[in-house]
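Please look over the sequence and the structure below.

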Amino acid sequence: MYKVQYRGLAGDGFSPKIWSKVKLLEMWMDNALGYVNADEFLSFGGTVTSNVGSYASQGGAYKSFETTSCAISQLDTVAGGAITLLSNGADNDTIVLERGSGNGGSFLYTAGTGKRLYYETRIRPNAAWDVSAAKDLFVGLITKGMSAAATTLFSNTAGTMTGAGVNAIGFTLLNSGSALKTCLQKGAVVRTPVAAATLVAGTWNKVGFYVNHEDPTYQLRYFVNNVQVDAVADTNTAFPTALQLVEAFALKLQASDAGSGLDLDWYRAAQER
């Protein structure tokens, strides 16, 4: 069977250290082997009513919560497709975009026995992003339905995700403008975040992880731009074992920051059956 040869460290493509052993082509041809969600945002559009948005793209359907005057739209300045989650610049502005309708999760991993799980996305703070202005951000896999709990997903001052029943694997900013950290959370149990990258306005980063129950030491490994930045066992009490998770992107301003937003180039998530 044909094997994908990933291009390497530089550039905007998928990271080899996450994807090189994934049988993606076989999964596309035979869903008995696994399933894949992905979006390049080559097309994107929708409507917002009473702060709740419904969107569709070539890669799937989405539900959102958007504080009044915030917006999610396609960027016309990025070749190959991209969207932006654009705030109104006001304190407590919140945007949450999740794949699907909010009623079902795409992925479920059971510690010790779960099938391999992979995720990566390419993001950047937009050019107007002030790294000195505190914000909360999440990208990764999270409990389904978080768009409906958007206003309570992040605490106002504590720098934590506090929404009811938050379970997550991914990356966060918490009450910071630049310090991206790894995230692992099961309800009220939160693993101490580990520094992953320093965000710079207008600069892209690829962030992702994989979970492999056959790894004898650390089943969950995090990567930024194809470099491992953190690792943890799936026996950690903060690991959201056997819980449905869905792809999501969330941004909240903890201070005014005119014109700030989060740009999304692509994401991909896959799990073996």
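Is D263 buried or exposed? D263 is buried, with a relative accessible area of 4%; buried means under 20% relative accessible area, exposed over 50% and partly exposed in between, with a 1.4 Å probe and protein chains only. This is a predicted model, in which local features need pLDDT of at least 70, side-chain atom pairs count only at pLDDT 80 or more, and totals for chains, interfaces and linings use all residues. Residues are numbered from 1 along each chain as its sequence is written, and side-chain values use heavy atoms, with hydrogens and water left out.

**Salt bridges**

- Side chains of opposite charge can pair when their charged atoms come close.
- The structure holds 7 salt bridges, a salt bridge being a side-chain nitrogen of Lys or Arg within 4 Å of a carboxyl oxygen of Asp or Glu.
- One of them joins D263 to R124, with the closest N and O atoms 2.8 Å apart.
- This pair links distant parts of the chain, since D263 is in strand β18 (residues 261-272) and R124 is in strand β8, 139 residues apart.
- Helices (H or I, at least four residues) and strands (E, at least two) are DSSP runs, numbered from the N terminus.
- R124 also counts as buried, at 17% relative accessibility.
- R191 forms a salt bridge with D230, where the closest N and O atoms are 2.7 Å apart.
- R191 lies in the loop between β12 (189-190) and β13 (195-198) and D230 lies in strand β16 (residues 227-232), so the pair ties together parts that are 39 residues apart in sequence.
- Both partners count as buried: R191 at 18% relative accessibility and D230 at 8%.
- R116 and E214 meet through their side chains in a salt bridge of 2.5 Å, N to O.
- Because R116 lies in the loop between β7 and β8 and E214 in the loop between β14 and β15, this pair ties together parts that are 98 residues apart in sequence.
- R116 is partly exposed, with a relative accessible area of 23%.

**R99, a buried charge without a salt bridge**

- R99 lies in strand β7 (residues 94-99).
- R99 is buried yet has no salt bridge, and the nearest side chain of opposite charge, E247, is 4.3 Å away; Lys and Arg count as positive and Asp and Glu as negative, while His and the chain ends are not counted.
- The side chain of R99 makes a polar contact with the side chain of N37 at 3.4 Å.
- A polar contact is a pair of N or O atoms within 3.5 Å; within protein, one must be able to donate a hydrogen and the other to accept it, and residues adjacent in sequence count only if both atoms are side-chain atoms.
- A polar atom of the R99 side chain lies 2.8 Å from the backbone oxygen of G59.

**Strand β14**

- In strand β14 (residues 205-211), 7 of the 7 residues are buried, so the strand is largely enclosed by the rest of the structure.
- N205, V207, F209 and V211 are on one side and K206, G208 and Y210 on the other.
- β14 pairs in the antiparallel sense with strand β8 (residues 117-125) over 7 bridges; two strands pair if DSSP finds at least two bridges between them.
- β14 also pairs in the antiparallel sense with strand β15 (residues 220-224), over 5 bridges.

**Cysteines**

- The count comes to 0 disulfides, a disulfide being a pair of cysteine sulfur atoms within 2.5 Å.
- C70 is buried at a relative accessible area of 10%, and C183 is buried at 6%.
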